[in-house]
Amino acid sequence: MPAGDAHRAAELAARASYGRLVAYLARRWRDVAAAEDALGDAFVAALTAWPRDGVPDKPEAWLLAVARRRLLDAGRHAAVQGRALPALRAAVDEADGAAAAASVFPDERLALLFVCAHPAIDEGMRTPLMLQTVLGLDAGRIAAAFLVPAATMGQRLVRVKTKIRDAGIPFAVPDRRELPARLEPVLDAIYAAYGSGWDDVAGAEARREGLADEAIWLGRLVTRLLPDEPEASGLLALMLHCEARRAARRDAAGRYVPLDSQDVERWASPMIEEAERALRDAARAGAPGRFQLEAAIQSAHAQRAHSGRTDWDSIALLYEGLVRLAPTLGARVGQAAALAEARDPAEALAALDALPSAAVASYQPYWALRAHLLGLLARVDEASGAYTRAIDLSADEAARAFLADKAGALRNISSPRVD
Amino acid sequence: MKYTILVYETEAAFGSRTDDRKREAYWGAYRAYTQALQAAGVMIGGAGLQPPPLGTTVRQRDGKRQVQDGPYAATKEQLGGFYEIDVPDLDTALDWAGRCPAAATGAVEVRPNLSM
């Protein structure tokens, strides 16, 4: 295993403990920032103590004990600001008990996830908050993925944690009645960390760099904590299907390869198998949802590895269901792409024309698909204009080159292609 | 925790207070809401406010007092009253806020009180 991978593996292993410890402490102190600070101190203490005295039998219990002492110290100072010391002491005793009893303490990351995606939290901050509190990512890394300065992201995270504490957002798992509505923003926030999964549209934006692993990790966590929620399994299946094709999305020269031209040998079959299992688990509940349908579409694409062909009729049908359930721009553009294959480009173009022009103005997949369809219909000038627009909207260099190649090939078109 | 439920009402709602055909329903809804808060033992204070035109806004600038007729901000919904409640957490406060009559027509803001 290369050093980088070993480091990554260690990071992933530490991640499981970090989130559990933060969740446990934050729930008792009702203060995420204080819990993180105390745990940070505990990790620093471990760096000096463990090499000297050896790694303790129960490392998590050790960290928990140090962290709660830090919290109690901080609590004494905070007591002058009106925070109740008796309540703190009770919490400390409880933590002590848990630490002494075993290295096993309750996993309360689910409550923490619901806090992070609480409707009272700014939507744009839910994903960064999860990445930091549940996974322990530092503000700099989160900032890089979200294309904002590290200091800005740091300030926003501080503000949002202050709101959690001072507005009294409860550390609780919503009851059955409220769970579906409250789970939706949790899943949305995880999917936002994954980035775009719409690689079936020619030249669609690449996923957000560096956070796909984290998103899948969170997806697996939620399915483990809520095994009976079909949409959680659906989301995991969707991300795994998209991730399975990562290597195949670029050829040896680094060029972008659209889904229908990808070499199926380069798809990661273990990930596809895990995705299919998750999708089967989801289907058992008999309650289809947006993520399950999106995953089913990706599953249909994955079938090409076995059948050698893509069943566009099924895909178009699944898109119809998806659009009925969640008529997002992405879904409607995806549906148009499927219609082009299952029926004909003119029908697909009509579907694109029906979309509101203000909404699609800066939506890259729309222009990439529109250009492709106009090319098929031999409307060369219009196609060329749409390609230019799609290229301008593409941040990814490989996608730009791919679209430029297709635009260049327009010159060879003389009559409408019929297939 | 102590929260204040700020009740922002539409102009139509303010009008209902004195409209002979609507006043019954308007006051009835608020009476029922207030009684529910009291019965649950969560209400610690509050007041209904006269309509925005009766407001007067004061600013102290450079040692001079500027007085202006009307409410502070000219928005579609205006503060019509407030309730102070004491509940365990934000979710409970939001549940109560959602039952306020203005939630269905205007808007209701929940703010934690500063502890002093």
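Predicted model: local features only at pLDDT ≥ 70, side-chain atom pairs only at ≥ 80, totals over all residues.

Me: How many helices and strands does chain A have?
Reply: Chain A has 21 helices and 0 strands, and of its 419 residues, 50% are buried. Among the contacts in chain A with a separation of 6 or more, 67% are accounted for by residues 24 or more positions apart.

Me: And what is the order of elements in chain B?
Reply: Reading from the N terminus, the elements of chain B run β-α-α-β-β-β-β-α-α-β, which comes to 4 helices and 6 strands. The C-alpha trace of chain B spans about 45 × 45 × 20 Å along its principal axes, and 31% of the 116 residues of chain B count as buried. For chain B, residues 24 or more positions apart account for 73% of the contacts with a separation of 6 or more.

Me: Next topic, the core. Which residues have the most contacts inside the largest nonpolar core?
Reply: The largest nonpolar core has 100 residues, and those with the most contacts inside it are L25(A), L113(A), M130(A), I190(A) and L218(A), together with I85(B) from chain B. Helix α9 of chain A, residues 179-194, gives the most to this core, with 9 residues. As a general background, nonpolar side chains in soluble globular proteins tend to be buried together.

Me: What does M130(A) touch?
Reply: Leaving aside residues up to four places away in sequence, M130(A) touches L113(A), C116(A), A117(A), L135(A), V186(A), A189(A), I190(A) and L218(A).

Me: Let's turn to helix packing. At what angle do α10(A) and α11(A) pack?
Reply: Helix α10 (residues 212-225) and helix α11 (residues 230-244) of chain A pack at an angle of about 150°, with their axes 9 Å apart. Since angles over 145 degrees count as roughly antiparallel, α10(A) and α11(A) are therefore roughly antiparallel to each other, and α10(A) passes α11(A) in a left-handed crossing.

Me: Which residues meet there?
Reply: On the α10(A) side they are A212(A), D213(A), A215(A), I216(A), G219(A), R220(A), V222(A) and T223(A), and these meet A232(A), S233(A), L236(A), M239(A), L240(A) and E243(A) in α11(A). Sorted by class, this contact of α10(A) with α11(A) has 8 nonpolar, 3 polar and 3 charged residues.

Me: And how far apart are the axes of α5(A) and α10(A)?
Reply: The axes of helix α5 (residues 109-116) of chain A and α10(A) are 10 Å apart, and the two helices pack at an angle of about 120°, which means that α5(A) is oblique to α10(A). The crossing of α5(A) and α10(A) is left-handed. R109(A), L110(A) and L113(A) of α5(A) make the contact with W217(A), L218(A), L221(A), V222(A), R224(A) and L225(A) of α10(A), and by class the contact of α5(A) with α10(A) has 7 nonpolar, no polar and 2 charged residues.

Me: Now single residues. Where is A378(A), and what is its phi?
Reply: A378(A) is found in the loop between α19 (364-376) and α20 (380-393) of chain A, and A378(A) has a positive phi of about 60° although it is not a glycine. With a relative accessible area of 23%, A378(A) is partly exposed.

Me: What about D62(B), buried or exposed?
Reply: D62(B) is exposed, with a relative accessible area of 81%. D62(B) lies in the loop between β3 (56-61) and β4 (64-69) of chain B, and D62(B) has a positive phi of about 50°, although it is not a glycine.

Me: One last residue. Is E276(A) buried or exposed, and what does E276(A) touch?
Reply: At 18% relative accessibility E276(A) counts as buried, because the cut-off for buried is under 20% relative accessible area. E276(A) lies in helix α12 (residues 269-283) of chain A and touches H241(A), S299(A) and Q303(A), not counting residues up to four places away in sequence. The C-alpha atoms of E276(A) and S299(A) are separated by 7.1 Å, with the two residues 23 residues apart along the chain.

Methods. Residues numbered from 1 in each chain as written. Chains lettered and ligands numbered in written order. Heavy atoms only, no water. Core = buried A, V, L, I, M, F, W, Y, C linked by side-chain atoms within 4.5 Å. Buried < 20%, exposed > 50% of the residue type's maximum accessible area, 1.4 Å probe, protein only. Contact = heavy atoms within 4.5 Å. Axes fitted to C-alpha atoms, helices over the stretch in contact; angles between N-to-C directions. Parallel < 35°, antiparallel > 145°, perpendicular 65-115°, else oblique. Left-handed = near helix turned anticlockwise from the far one by under 90°. Nonpolar A, V, L, I, M, F, W, Y, C, P; charged D, E, K, R; others polar.
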